[in-house]
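Take a first walk through this fold. Have the sequence and the 3D view open side by side.

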Amino acid sequence: MTDTLSAQWVVLDIEGTLMPTAGVHVVLYDYARPRLGPWIDAHPTDPVVVAAVARVKAEAGLPADADTAAVVAVLHGWMAADRKAAPLKELQGLIWQDGYARRDLVSEYFPDVVPALRGWDEAGLKLAVFSSGSVAGQIASFSTTTEGDLTTLFRHHFDTVNAGPKREAASYAAIAEGIGGPTPPRIVFLSDVPAELDAAAEAGWQTVGLARAGEPYADADFGDHRVAKSFDDFRIVPDA
Ligand SMILES: CSCCC(=O)C(=O)COP(=O)(O)O
Ligand SMILES: [Mg+2]
């Protein structure tokens with residue numbers, strides 16, 4: 001029998017939940033990698049770029065006058081290790097924003113995702129995103145997809161800058177406040193990463209773990225969390 005949850009809000013992770021991991025680690029990372037240095041050099045006065053570069057230098061222990069090549073070497077190392085550091089995510093987000101605007105990039109989600117998102121939205125559920133990808137990158141990625149512009153489906157976007165680390169309960173409390181303070185059980189979080197689900201549950205949220213075939217967390221131990229192989233495995237209905 002299909003498991004049914006009732007809630008007011010559905011908060012969604014991106015990588016491994018909405019989009020295949022390869023869509024991020026191969027398509028998006030490959031697009032960003034060769035463009036990081038040229039982007040930094042082409043935007044020497046952009047405050048987002050200036051702040052991100054300063055943070056990379058500080059976190060990596062580089063001198064303040066380190067050149068772009070040294071900064072890019074750090075960023076490439078973080079990408080190779082899939083370290084989702086905020087300044088890397090800010091820079092990637094700007095490059096992806098440009099790539100989506102040019103239609104060099106077009107997001108492709110798991111086949112069950114867009115019908116479910118549309119169904120939840122039509123049923124009156126409120127949708128938001130919480131991803132390590134920057135808010136700018138998230139919005140760009142929903143603007144240009146194989147199924148058209150999906151940006152109007154989402155009422156809020158959260159990342160590690162405006163909410164906090166994904167594996168800390170305080171970030172989920174900050175999101176609950178950011179979306180208007182529904183009582184925690186009225187929010188469902190969908191993610192493929194058990195540690196993220198643990199943090200959301202600690203904040204009182206309902207959770208569903210996505211163990212999608214072929215994805216890195218397909219065989220993970222989801223503990224007490226509900227587990228689904230796709231969005232077709234469960235229903236979410238608006239609570240009273
Ligand atoms: C265009 S959003 C790209 C998502 C991203 O950069 C990322 O690292 C995904 O992390 P998530 O927290 O969604 O698993
Ligand atoms: Mg994920």
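This is a predicted model: local features need pLDDT of at least 70, side-chain atom pairs count only at pLDDT 80 or more; totals for chains, interfaces and linings use all residues.

Residues are numbered from 1 along each chain as its sequence is written, while chains are lettered from A and ligands numbered from 1 in the order in which they are written.

Begin with the helices. Helices (H or I, at least four residues) and strands (E, at least two) are DSSP runs, numbered from the N terminus. Two packed helices are described by the angle between their axes and the distance between the axes. Axes here are lines fitted to C-alpha atoms, for helices over the stretch in contact, and angles run from 0 to 180 degrees between N-to-C directions.

Helix H3 covers residues 47-60. Its partner H4 covers residues 68-80. H3 and H4 pack at about 70°, with axes 10 Å apart. The two are therefore roughly perpendicular to each other. For such labels, angles under 35 degrees count as roughly parallel, over 145 as roughly antiparallel, 65 to 115 as roughly perpendicular and the rest as oblique. Which residues meet? Val53, Val56, Lys57 and Ala60 of H3 meet Val71, Val74 and Leu75 of H4. Contact requires that the C-beta atoms of two residues, placed from the backbone, lie within 7 Å. By class, this contact of H3 with H4 has six nonpolar residues, no polar ones and one charged. Ala, Val, Leu, Ile, Met, Phe, Trp, Tyr, Cys and Pro count as nonpolar, Asp, Glu, Lys and Arg as charged, and the others, Gly among them, as polar.

H3 also packs with H5, at an angle of about 145° and with axes 8 Å apart. H3 passes H5 in a left-handed crossing. A crossing is left-handed if the near helix is turned anticlockwise from the far one by less than a right angle, and right-handed if clockwise. Val48, Val49, Ala52, Arg55 and Val56 of H3 make the contact with Pro87, Glu90, Leu91 and Leu94 of H5. Those residues divide into seven nonpolar, no polar and two charged.

Now follow H5, residues 86-101, to helix H7, residues 135-143. Their axes lie 8 Å apart, at an angle of about 25°. That makes H5 roughly parallel to H7. H5 passes H7 in a left-handed crossing. From H5, the contact takes in Lys89, Gln92, Gly93, Leu94, Trp96, Gln97 and Tyr100; from H7 come Ala136, Gly137, Ala140, Ser141 and Ser143. Five nonpolar, six polar and one charged residues make up this contact of H5 with H7.

Stay with H7. Which of its residues are buried? They are Gly137, Gln138, Ala140, Ser141 and Phe142. A residue is buried if 20 or more other C-beta atoms lie within 10 Å of its own, exposed if 12 or fewer, and partly exposed in between, with C-beta atoms placed from the backbone. The cover over the buried residues of H7 includes H5, strand E3 (126-130) and strand E4 (154-158).

H7 also takes part in the ligand site. In all, 16 residues surround ligand 1, and the closest are Ile14, Glu15, Ser131, Ser132 and Gly133. Helix H1 (21-32), H5 and H7 are the elements that give two or more residues to this shell. H7 gives the most, with three. The shell divides into four nonpolar, seven polar and five charged residues.

Two loop residues deserve a look. Aspartate 82 sits in the loop between H4 and H5. Its phi is positive, about 50°, although it is not a glycine. Aspartate 82 is partly exposed, with 13 other C-beta atoms within 10 Å. Arginine 103 is in the loop between H5 and helix H6 (113-123). Arginine 103 also is not a glycine, yet has a positive phi of about 65°. With 8 C-beta neighbours inside 10 Å, arginine 103 counts as exposed.

Finish at strand E7, residues 226-228, where alanine 228 is found. Leaving aside neighbours within four places in sequence, alanine 228 is in contact with Val208, Leu210, Asp233 and Phe234.

Definitions and conventions
A residue is near a molecule or strand if its C-beta atom, placed from the backbone, lies within 6 Å of it.
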